[in-house]
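Q: I've got this protein open and I'm new to reading structures. Can we walk through it together?

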Amino acid sequence: MSAPIVVVGGGLAAGTVVTQLREHGHEGPVVLLAAETHAPYERPPLSKDLLLGKGEPADAEVHERAWYAGHDIDLRTGTAATAIDREARRVQAGGEWIDYDTLVLATGARPRHLAMADDSGVPVVYLRTLDDSLALREHLTEGRRIGIIGGGWIGLEVASAARQQGADVTVLESLDLPLLRVLGPEVAQVFADLHREHGVDLRTSTEVTAITTNGAGATIALGDGSALDVDLLVVGVGVEPVTDLAEAAGLAVDNGIRTDSHLRTADEHVYAIGDVANIDHPVLGHPLRVEHWDTAIQHGKALAGTLTGTPTEASALPYFFTDQYDLGMEYVGNPGPEGYDRVVLTGDVPGRVFRAWWLRGPRVVAGMHVNDWDAIDEIRRVVGTDEVPPGT
């Protein structure tokens with residue numbers, strides 16, 4: 001029997017690629033090594049429905065565990081890969097060496113830690129895993145004081161869930177607006193206004209100078225001399241790709257594991273997909289690493305095609321979405337290292353039913369809609385072209 005395709009990871013990218021391998025007719029052995037004790041699962045529910053108490057952990061699973069056995073996938077949960085021997089083509093996990101014909105690294109990302117918080121002894125939560133989400137939602141109750149450091153997507157989605165559960169929420173953001181680097185001031189202001197209207201104490205241009213214990217909670221000292229008392233501190237200051245295994249194996253790493261447009265590393269037998277992969281994007285023309293749900297799916301589909309005899313580039317444009325209170329948004333594209341020179345808004349911005357277009361010269365490098373659910377197909381069509389955006 002030939003050596004298996006071995007997939008390292010327990011997220012959506014890993015779950016998708018093994019699914020697609022079987023759907024593409026691959027009949028050879030497949031081993032899936034998941035460090036967590038859960039079967040592969042999606043992450044969006046962790047900061048959305050699951051955190052709101054609207055779903056159960058099984059709702060986040062890519063498949064029920066029985067699916068893997070039924071499709072002859074050797075799923076090993078609670079089994080972290082610890083080393084790669086590229087010369088011998090084998091990976092170490094669970095105290096044994098496993099031979100591979102092809103190795104797929106889908107090791108994802110982990111939260112960036114804030115040493116000041118970790119060293120303080122106060123109750124601190126980072127939201128990344130299913131267990132993190134289940135633990136956090138127990139604290140999102142009426143009157144509970146939740147402090148959130150970081151006004152990015154995770155911080156704001158946690159704030160939305162917490163407020164909808166009746167908790168008192170303060171968000172501390174170092175920049176002038178939340179999501180400023182991602183969306184620019186025009187659209188970032190929409191999210192700032194949204195959260196303030198829903199009772200979030202959003203403090204921008206804020207410096208955290210110290211964190212100390214206060215009974216069972218925490219006191220956060222701020223740069224303006226004020227202090228904030230909270231029952232629980234949530235830190236959401238971004239994530240970093242989990243590249244330790246790849247680096248130790250001598251693979252090229254630069255803001256993720258570097259791959260070509262087919263998700264192949266410099267080693268022809270090793271591929272990387274999902275959050276950890278920094279790929280040569282064939283459409284955008286620059287290296288790109290994306291930490292979103294749709295990219296994990298598209299990478300899994302593309303790689304399964306390649307591994308089953310149909311070389312497929314990972315050419316899909318980046319896509320992500322968020323749901324906060326009554327605001328839903330979908331975003332397509334990526335301005336890349338050259339950025340953009342203007343943002344054009346069309347529709348009813350005060351009423352929060354609008355579209356936004358990011359342009360560099362005549363090129364539309366990104367587009368999004370807010371609560372305009374018929375817009376997404378048009379946005380996908382226009383982004384990446386020189387077409388004048390509709391309504392501008």
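Predicted model: local features only at pLDDT ≥ 70, side-chain atom pairs only at ≥ 80, totals over all residues.

Q: How many residues does α5 have, and how far does it reach?
A: Helix α5 covers residues 153-164, which is twelve residues. From first C-alpha to last it reaches 17 Å, close to the 16 Å expected at 1.5 Å a residue. The expected span is 1.5 Å times one less than the number of residues. Helices (H or I, at least four residues) and strands (E, at least two) are DSSP runs, numbered from the N terminus.

Q: Is α5 mostly covered or mostly open?
A: Mostly covered: nine of its twelve residues are buried. Buried means under 20% relative accessible area, exposed over 50%, and partly exposed in between (1.4 Å probe, protein chains only). Among the buried ones are Trp153, Leu156, Glu157 and Val158.

Q: Sheets next. What is the strand order in the five-strand sheet?
A: The order is β9-β16-β10-β11-β12. The sheet is open and the pairing is parallel. β9 (124-125) and β12 (201-203) stand at the edges with a single partner strand each, so one side of each has no neighbour in the sheet.

Q: How many bridges join β10 and β11?
A: Five, in the parallel sense, between β10 (residues 145-149) and β11 (residues 168-172). Gly147 stands opposite Thr170 in β11. Two strands pair if DSSP finds at least two bridges between them.

Q: And which strands form the three-strand sheet?
A: β18-β20-β21, in that order. This sheet is open too, with mixed pairing. Its edges are β18 (257-259) and β21 (287-288); each has a single partner strand, so one side of each is left without a neighbour in the sheet. β18 runs parallel to β20 (residues 277-280), with three bridges. Arg258 faces Asn278 in β20.

Q: What about β24 and β25: parallel or antiparallel?
A: Antiparallel, with seven bridges. Gly347 has Phe354 in β25 as its bridge partner. The hairpin has four residues between the strands, and Arg352 there takes a positive phi near 60 degrees.

Q: Tell me about Arg352. Where is it found?
A: In the loop between β24 (342-348) and β25 (353-360).

Q: Buried or exposed?
A: Arg352 is buried, at a relative accessible area of 14%.

Q: Which side chain does Arg352 make a polar contact with?
A: That of Glu197, at 3.0 Å. A polar contact is a pair of N or O atoms within 3.5 Å; within protein, one must be able to donate a hydrogen and the other to accept it, and residues adjacent in sequence count only if both atoms are side-chain atoms. Leaving aside neighbours within four places in sequence, Arg352 is also in contact (heavy atoms within 4.5 Å) with residues including Val190, Leu327 and Asn371.

Q: Switching to salt bridges. How many are there?
A: The count is 23. A salt bridge is a side-chain nitrogen of Lys or Arg within 4 Å of a carboxyl oxygen of Asp or Glu.

Q: Which residue does Asp267 bridge to?
A: Arg86, with the closest N and O atoms 2.9 Å apart. Asp267 lies in the loop between β18 and β19 (270-272), and Arg86 in the loop between β4 (81-85) and β5 (90-93), so the pair ties together parts 181 residues apart in sequence. Asp267 is buried at 10%, whereas Arg86 is partly exposed at 28%.

Q: Which residues are linked in a network of salt bridges?
A: Arg355, Asp372, Glu378, Arg381 and Glu387.

Q: Last one. How many residues are in the largest nonpolar core?
A: It has 49. A nonpolar core is a set of buried Ala, Val, Leu, Ile, Met, Phe, Trp, Tyr and Cys residues joined through side-chain atoms within 4.5 Å. Val6, Val18, Leu33, Val91, Leu103 and Leu105 touch the most other members. Apart from that core lies another, of 48 residues, including Tyr41 and Val234.

Notes: Residues numbered from 1 in each chain as written. Heavy atoms only, no water.
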